[in-house]
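Morning, everyone. Let me put the structure up and then walk through its contacts.

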Amino acid sequence: MGNQSGHKCSEMHVRECVGFDASHLLGAPFPVTLYGGVGEKYCGKCGAVKGHIIKDPMELIAMVAVLRACDDMKLNGSEVKFLRKSMSYKAKDLAHKLDLDPAHLSRIENDKKPMSLVYEKLLRAAVCLKFIETAKFIGVDVSHVLSMNITSAKCVSKIFDLHLCLVEKDNVLRLKSHGAADGDLVRSWEGGDPKLAI
Amino acid sequence: MERTKYKDEQLWLHEYFDYIGILDVDLDAQIQMTHSGTSLPEVLDVLRNGTVVCAERDYNGCEFTVKGRNCDGKDIIVRGVFHADMSMVRVVAIEKTR
Ligand SMILES: [Zn+2]
Ligand SMILES: [Zn+2]
(Lines give C-alpha, C1' and ligand atoms only; values in the text may rest on other atoms or scores of the structure.)
(Ligands and ions follow the chains in the order given, each with its own letter.)
Protein backbone atom coordinates (compact mmCIF):
# COMPACT_ATOMS: atom_id res chain seq x y z
CA MET A 1 0.00 0.00 0.00
CA GLY A 2 2.62 2.54 -1.01
CA ASN A 3 1.83 6.05 -2.17
CA GLN A 4 3.39 9.29 -3.38
CA SER A 5 5.00 10.14 -0.07
CA GLY A 6 6.73 6.75 -0.22
CA HIS A 7 5.59 5.46 3.12
CA LYS A 8 3.58 2.39 3.89
CA CYS A 9 0.24 3.46 5.36
CA SER A 10 -0.02 1.66 8.64
CA GLU A 11 -1.11 4.04 11.36
CA MET A 12 -4.86 3.82 10.92
CA HIS A 13 -7.18 6.32 12.55
CA VAL A 14 -10.95 6.40 12.45
CA ARG A 15 -13.22 9.42 12.23
CA GLU A 16 -16.93 9.73 11.63
CA CYS A 17 -17.83 9.77 7.95
CA VAL A 18 -20.64 12.20 7.24
CA GLY A 19 -22.45 11.88 3.94
CA PHE A 20 -21.16 8.45 2.93
CA ASP A 21 -22.41 7.35 -0.47
CA ALA A 22 -23.39 3.76 0.24
CA SER A 23 -25.14 2.98 -3.05
CA HIS A 24 -22.17 1.16 -4.63
CA LEU A 25 -21.54 -0.90 -1.54
CA LEU A 26 -25.18 -1.86 -1.22
CA GLY A 27 -25.61 -2.40 -4.95
CA ALA A 28 -28.51 0.06 -4.79
CA PRO A 29 -29.57 1.52 -8.16
CA PHE A 30 -30.53 4.75 -6.39
CA PRO A 31 -28.56 7.14 -4.21
CA VAL A 32 -28.19 6.18 -0.56
CA THR A 33 -26.36 8.69 1.58
CA LEU A 34 -25.57 7.88 5.18
CA TYR A 35 -25.13 10.47 7.87
CA GLY A 36 -23.58 8.84 10.89
CA GLY A 37 -23.20 5.15 11.61
CA VAL A 38 -20.16 4.95 9.35
CA GLY A 39 -16.53 5.34 10.37
CA GLU A 40 -13.83 6.37 7.95
CA LYS A 41 -10.39 4.78 8.25
CA TYR A 42 -7.52 7.02 7.28
CA CYS A 43 -3.77 7.00 7.44
CA GLY A 44 -2.45 9.15 10.27
CA LYS A 45 0.63 10.09 8.23
CA CYS A 46 -0.73 11.01 4.81
CA GLY A 47 -4.45 11.32 5.51
CA ALA A 48 -5.47 8.93 2.70
CA VAL A 49 -8.85 7.27 3.24
CA LYS A 50 -8.32 3.51 3.48
CA GLY A 51 -11.76 2.13 4.15
CA HIS A 52 -15.04 2.39 5.99
CA ILE A 53 -16.44 0.81 9.10
CA ILE A 54 -20.11 -0.04 9.05
CA LYS A 55 -21.67 -0.70 12.40
CA ASP A 56 -24.54 -3.00 11.55
CA PRO A 57 -24.46 -3.93 7.86
CA MET A 58 -27.30 -6.47 8.13
CA GLU A 59 -29.63 -3.88 9.60
CA LEU A 60 -28.52 -1.31 7.04
CA ILE A 61 -29.39 -3.64 4.15
CA ALA A 62 -32.77 -4.39 5.71
CA MET A 63 -33.52 -0.69 6.27
CA VAL A 64 -32.70 0.36 2.74
CA ALA A 65 -34.69 -2.54 1.24
CA VAL A 66 -37.74 -1.83 3.43
CA LEU A 67 -37.62 1.90 2.74
CA ARG A 68 -37.48 1.31 -1.00
CA ALA A 69 -40.24 -1.29 -0.82
CA CYS A 70 -42.44 1.24 0.97
CA ASP A 71 -41.80 4.10 -1.41
CA ASP A 72 -44.64 4.43 -3.88
CA MET A 73 -42.48 5.14 -6.93
CA LYS A 74 -42.66 2.30 -9.46
CA LEU A 75 -39.77 -0.18 -9.24
CA ASN A 76 -37.61 -0.59 -12.32
CA GLY A 77 -35.83 -3.82 -13.24
CA SER A 78 -32.61 -3.13 -11.41
CA GLU A 79 -34.54 -2.18 -8.29
CA VAL A 80 -36.44 -5.47 -8.43
CA LYS A 81 -33.09 -7.23 -8.68
CA PHE A 82 -31.68 -5.14 -5.84
CA LEU A 83 -34.59 -6.08 -3.58
CA ARG A 84 -34.20 -9.76 -4.48
CA LYS A 85 -30.47 -9.68 -3.73
CA SER A 86 -31.05 -7.85 -0.45
CA MET A 87 -33.21 -10.79 0.58
CA SER A 88 -30.53 -13.22 -0.76
CA TYR A 89 -33.05 -15.00 -2.92
CA LYS A 90 -32.16 -16.86 -6.06
CA ALA A 91 -34.24 -15.68 -9.02
CA LYS A 92 -36.06 -18.99 -9.16
CA ASP A 93 -36.88 -18.86 -5.44
CA LEU A 94 -38.33 -15.37 -5.68
CA ALA A 95 -40.26 -16.35 -8.80
CA HIS A 96 -41.67 -19.31 -6.89
CA LYS A 97 -42.63 -17.14 -3.91
CA LEU A 98 -44.42 -14.67 -6.15
CA ASP A 99 -45.89 -17.44 -8.30
CA LEU A 100 -44.20 -15.96 -11.35
CA ASP A 101 -42.53 -17.74 -14.23
CA PRO A 102 -38.71 -17.46 -13.64
CA ALA A 103 -38.17 -16.45 -17.27
CA HIS A 104 -40.69 -13.65 -16.82
CA LEU A 105 -38.95 -12.44 -13.65
CA SER A 106 -35.69 -12.37 -15.56
CA ARG A 107 -37.29 -10.19 -18.26
CA ILE A 108 -38.59 -7.88 -15.54
CA GLU A 109 -35.15 -7.58 -13.93
CA ASN A 110 -33.63 -6.76 -17.31
CA ASP A 111 -36.27 -4.10 -18.02
CA LYS A 112 -37.59 -6.07 -20.98
CA LYS A 113 -41.05 -6.30 -19.39
CA PRO A 114 -42.64 -4.11 -16.72
CA MET A 115 -43.74 -5.76 -13.50
CA SER A 116 -47.49 -5.79 -13.13
CA LEU A 117 -48.87 -3.93 -10.12
CA VAL A 118 -50.12 -7.08 -8.43
CA TYR A 119 -46.69 -8.73 -8.48
CA GLU A 120 -44.94 -5.52 -7.60
CA LYS A 121 -47.04 -5.18 -4.45
CA LEU A 122 -46.40 -8.81 -3.57
CA LEU A 123 -42.67 -8.25 -3.93
CA ARG A 124 -42.84 -5.17 -1.72
CA ALA A 125 -44.79 -7.10 0.90
CA ALA A 126 -42.28 -9.96 0.69
CA VAL A 127 -39.47 -7.50 1.48
CA CYS A 128 -41.34 -6.14 4.51
CA LEU A 129 -42.08 -9.64 5.77
CA LYS A 130 -38.52 -10.83 5.24
CA PHE A 131 -37.28 -7.90 7.30
CA ILE A 132 -40.28 -7.73 9.59
CA GLU A 133 -38.37 -6.55 12.68
CA THR A 134 -36.92 -3.65 10.74
CA ALA A 135 -40.28 -2.89 9.14
CA LYS A 136 -41.94 -2.82 12.56
CA PHE A 137 -39.23 -0.61 13.91
CA ILE A 138 -39.60 1.88 11.08
CA GLY A 139 -43.34 1.72 11.57
CA VAL A 140 -44.33 0.18 8.26
CA ASP A 141 -47.80 -1.21 7.91
CA VAL A 142 -47.49 -4.18 5.55
CA SER A 143 -51.16 -3.91 4.56
CA HIS A 144 -50.44 -0.37 3.38
CA VAL A 145 -47.88 -1.79 0.99
CA LEU A 146 -50.54 -4.03 -0.53
CA SER A 147 -52.96 -1.15 -1.02
CA MET A 148 -50.53 1.62 -1.97
CA ASN A 149 -50.91 3.70 -5.11
CA ILE A 150 -47.79 3.08 -7.13
CA THR A 151 -46.64 6.18 -8.95
CA SER A 152 -45.55 5.58 -12.49
CA ALA A 153 -41.94 6.51 -13.13
CA LYS A 154 -43.14 8.54 -16.13
CA CYS A 155 -45.00 10.95 -13.84
CA VAL A 156 -41.99 11.74 -11.70
CA SER A 157 -38.67 13.03 -12.84
CA LYS A 158 -37.11 12.76 -9.42
CA ILE A 159 -34.99 9.76 -8.62
CA PHE A 160 -35.40 7.91 -5.40
CA ASP A 161 -32.85 9.22 -2.96
CA LEU A 162 -32.42 8.04 0.60
CA HIS A 163 -30.82 10.28 3.17
CA LEU A 164 -30.44 8.19 6.25
CA CYS A 165 -29.06 9.22 9.55
CA LEU A 166 -27.91 6.18 11.42
CA VAL A 167 -27.36 6.48 15.10
CA GLU A 168 -26.22 3.89 17.52
CA LYS A 169 -28.37 3.12 20.48
CA ASP A 170 -27.76 0.13 22.73
CA ASN A 171 -25.25 -1.07 20.14
CA VAL A 172 -27.94 -1.28 17.49
CA LEU A 173 -28.24 0.94 14.46
CA ARG A 174 -31.30 3.09 14.47
CA LEU A 175 -32.74 5.28 11.80
CA LYS A 176 -33.19 8.97 12.37
CA SER A 177 -34.45 11.63 10.05
CA HIS A 178 -31.72 13.68 8.53
CA GLY A 179 -32.30 17.35 7.81
CA ALA A 180 -31.20 17.16 4.20
CA ALA A 181 -30.97 20.40 2.28
CA ASP A 182 -34.22 19.82 0.46
CA GLY A 183 -35.87 18.83 3.73
CA ASP A 184 -36.90 15.69 1.92
CA LEU A 185 -35.53 12.81 3.83
CA VAL A 186 -37.27 9.52 3.65
CA ARG A 187 -39.33 10.69 0.74
CA SER A 188 -41.69 7.82 0.85
CA TRP A 189 -43.18 8.60 4.15
CA GLU A 190 -46.82 9.52 3.74
CA GLY A 191 -47.29 9.92 7.43
CA GLY A 192 -44.22 12.11 7.84
CA ASP A 193 -41.20 10.88 9.69
CA PRO A 194 -40.66 7.25 10.41
CA LYS A 195 -40.96 6.44 14.07
CA LEU A 196 -37.83 7.33 15.92
CA ALA A 197 -36.34 5.43 18.78
CA ILE A 198 -34.06 8.15 19.95
CA MET B 1 -21.01 -27.10 0.84
CA GLU B 2 -17.51 -28.51 1.23
CA ARG B 3 -16.32 -29.29 4.77
CA THR B 4 -13.82 -27.00 6.39
CA LYS B 5 -10.56 -27.76 8.13
CA TYR B 6 -11.03 -24.55 10.09
CA LYS B 7 -14.07 -25.33 12.20
CA ASP B 8 -13.48 -22.72 14.95
CA GLU B 9 -12.89 -19.86 12.55
CA GLN B 10 -15.84 -20.82 10.42
CA LEU B 11 -18.21 -21.16 13.33
CA TRP B 12 -17.10 -17.83 14.69
CA LEU B 13 -17.47 -16.09 11.34
CA HIS B 14 -20.90 -17.59 10.72
CA GLU B 15 -22.18 -16.39 14.09
CA TYR B 16 -20.39 -13.05 14.26
CA PHE B 17 -22.95 -10.98 12.36
CA ASP B 18 -25.80 -12.11 14.56
CA TYR B 19 -24.06 -10.72 17.63
CA ILE B 20 -21.51 -8.00 16.96
CA GLY B 21 -21.58 -7.38 13.27
CA ILE B 22 -19.21 -4.45 12.87
CA LEU B 23 -17.76 -4.61 9.38
CA ASP B 24 -14.62 -2.85 8.23
CA VAL B 25 -14.30 -2.75 4.45
CA ASP B 26 -10.98 -1.68 2.95
CA LEU B 27 -11.16 0.83 0.11
CA ASP B 28 -9.40 -1.68 -2.17
CA ALA B 29 -12.10 -4.23 -1.44
CA GLN B 30 -14.79 -1.60 -2.08
CA ILE B 31 -13.26 -0.89 -5.47
CA GLN B 32 -13.11 -4.62 -6.26
CA MET B 33 -16.75 -4.90 -5.27
CA THR B 34 -17.76 -2.08 -7.60
CA HIS B 35 -15.74 -3.52 -10.50
CA SER B 36 -17.04 -7.06 -10.08
CA GLY B 37 -20.60 -5.95 -9.33
CA THR B 38 -20.55 -7.57 -5.90
CA SER B 39 -22.75 -5.98 -3.28
CA LEU B 40 -22.64 -6.00 0.49
CA PRO B 41 -25.52 -8.49 0.84
CA GLU B 42 -23.50 -10.99 -1.24
CA VAL B 43 -20.34 -10.45 0.81
CA LEU B 44 -22.28 -10.89 4.04
CA ASP B 45 -23.87 -14.06 2.67
CA VAL B 46 -20.42 -15.49 1.97
CA LEU B 47 -19.11 -14.51 5.39
CA ARG B 48 -22.15 -15.98 7.13
CA ASN B 49 -22.62 -19.13 5.09
CA GLY B 50 -19.42 -19.76 3.14
CA THR B 51 -16.63 -22.26 3.70
CA VAL B 52 -13.44 -21.06 5.37
CA VAL B 53 -10.74 -22.47 3.06
CA CYS B 54 -7.75 -20.90 4.75
CA ALA B 55 -7.06 -19.36 8.16
CA GLU B 56 -3.89 -18.24 9.85
CA ARG B 57 -3.84 -17.03 13.39
CA ASP B 58 -1.24 -14.83 15.02
CA TYR B 59 -1.18 -12.43 17.96
CA ASN B 60 -3.04 -9.77 15.94
CA GLY B 61 -5.97 -11.99 15.20
CA CYS B 62 -6.73 -14.19 12.28
CA GLU B 63 -6.41 -13.91 8.53
CA PHE B 64 -8.99 -15.92 6.67
CA THR B 65 -10.23 -16.75 3.20
CA VAL B 66 -13.84 -17.74 2.81
CA LYS B 67 -15.52 -19.05 -0.30
CA GLY B 68 -19.19 -19.09 -1.12
CA ARG B 69 -21.75 -18.78 -3.85
CA ASN B 70 -24.09 -15.86 -4.34
CA CYS B 71 -27.78 -16.07 -5.14
CA ASP B 72 -27.00 -15.96 -8.87
CA GLY B 73 -24.69 -18.99 -8.68
CA LYS B 74 -21.41 -17.07 -8.94
CA ASP B 75 -18.50 -18.05 -6.70
CA ILE B 76 -17.22 -15.31 -4.44
CA ILE B 77 -13.99 -15.38 -2.47
CA VAL B 78 -13.61 -13.00 0.45
CA ARG B 79 -10.27 -12.42 2.14
CA GLY B 80 -10.41 -10.83 5.53
CA VAL B 81 -8.95 -10.34 8.94
CA PHE B 82 -10.46 -10.82 12.34
CA HIS B 83 -8.99 -8.40 14.84
CA ALA B 84 -8.47 -10.20 18.11
CA ASP B 85 -8.59 -7.02 20.19
CA MET B 86 -11.30 -5.06 18.42
CA SER B 87 -13.77 -7.85 17.75
CA MET B 88 -14.17 -6.65 14.22
CA VAL B 89 -14.18 -8.30 10.82
CA ARG B 90 -12.21 -6.49 8.17
CA VAL B 91 -12.69 -7.30 4.51
CA VAL B 92 -9.46 -6.94 2.59
CA ALA B 93 -10.21 -8.36 -0.86
CA ILE B 94 -13.08 -9.70 -2.94
CA GLU B 95 -13.01 -11.91 -5.99
CA LYS B 96 -15.96 -13.04 -8.05
CA THR B 97 -16.02 -15.56 -10.87
CA ARG B 98 -17.52 -14.36 -14.13
ZN1 LIG C 1 -0.30 7.01 4.55
ZN1 LIG D 1 -15.87 9.07 3.92
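Where do A:E133 and A:K136 lie, and how many residues apart are they? Both sit in helix α7 (residues 132–138) of chain A, three residues apart, about one turn of the helix. Helices here are DSSP runs of H or I with at least four residues, strands are runs of E with at least two, and both are numbered from the N terminus. The two side chains meet in a salt bridge, 3.7 Å from N to O. Salt bridge here means a side-chain nitrogen of Lys or Arg within 4 Å of a carboxyl oxygen of Asp or Glu. Both A:E133 and A:K136 are exposed. On terms: buried is under 20% relative accessible area, exposed is over 50%, and partly exposed is in between, with a 1.4 Å probe and protein chains only.

Some ground rules. This is a predicted model, so local features need pLDDT of at least 70 and side-chain atom pairs count only at pLDDT 80 or more, while totals for chains, interfaces and linings use all residues. Residues are numbered from 1 along each chain as its sequence is written, chains are lettered from A and ligands numbered from 1 in the order written, and side-chain values use heavy atoms, leaving out hydrogens and water.

Back to charges. The count is 18 salt bridges over all chains. One of them joins A:R15 and A:E40, with the closest N and O atoms 2.8 Å apart. A:R15 is in strand β1 (residues 12–21) of chain A and A:E40 in strand β2 (residues 32–43) of chain A, so this pair ties together parts 25 residues apart in sequence. A:R15 is partly exposed at 36%. A:E40 is buried at 14%.

Now across the chains. B:D72 forms a salt bridge with A:R84, closest N and O atoms 3.0 Å apart. This pair runs from the loop between β3 (61–69) and β4 (75–83) of chain B to helix α3 (residues 77–86) of chain A. Buried or exposed, what is A:R84? A:R84 is buried, at 2% relative accessible area. B:D72 is partly exposed, at 33%.

Next, the metal. Which residues hold the zinc ion (ligand 1)? The protein donors are A:H7 (NE2), A:C9 (SG), A:C43 (SG) and A:C46 (SG), 2.1 to 2.3 Å from the ion. Donors are N, O and S atoms within 2.8 Å of the metal (3.2 Å for Na, K and Ca); water is not among the atoms, so sites may look incomplete. The angles among the four donor atoms are 104 to 113°, and the site is tetrahedral. For four donors, that label needs all angles between 85 and 135 degrees. Along the chain the spacing reads H-x1-C-x33-C-x2-C. A:H7 is buried at 15%, and A:C46 is partly exposed at 34%.

Last, the rings. There are four aromatic pairs over all chains. A:F30 and A:F82 form one that is edge-to-face, 5.4 Å centre to centre with 85° between the planes. Rings of Phe, Tyr and Trp (its six-membered ring) pair if their centres lie within 6.5 Å; planes under 30 degrees apart are stacked, over 60 edge-to-face, the rest tilted. A:F30 is buried at 4%. A:F82 is buried too, at 6%. Then B:W12 and B:F82 form a tilted pair, 3.7 Å centre to centre and 40° between the planes. In chain B, one aromatic cluster is formed by B:W12, B:Y16, B:F17 and B:F82.

Technical notes
Tetrahedral: all angles 85-135°; square planar, octahedral: opposite > 155°, others 65-115°.
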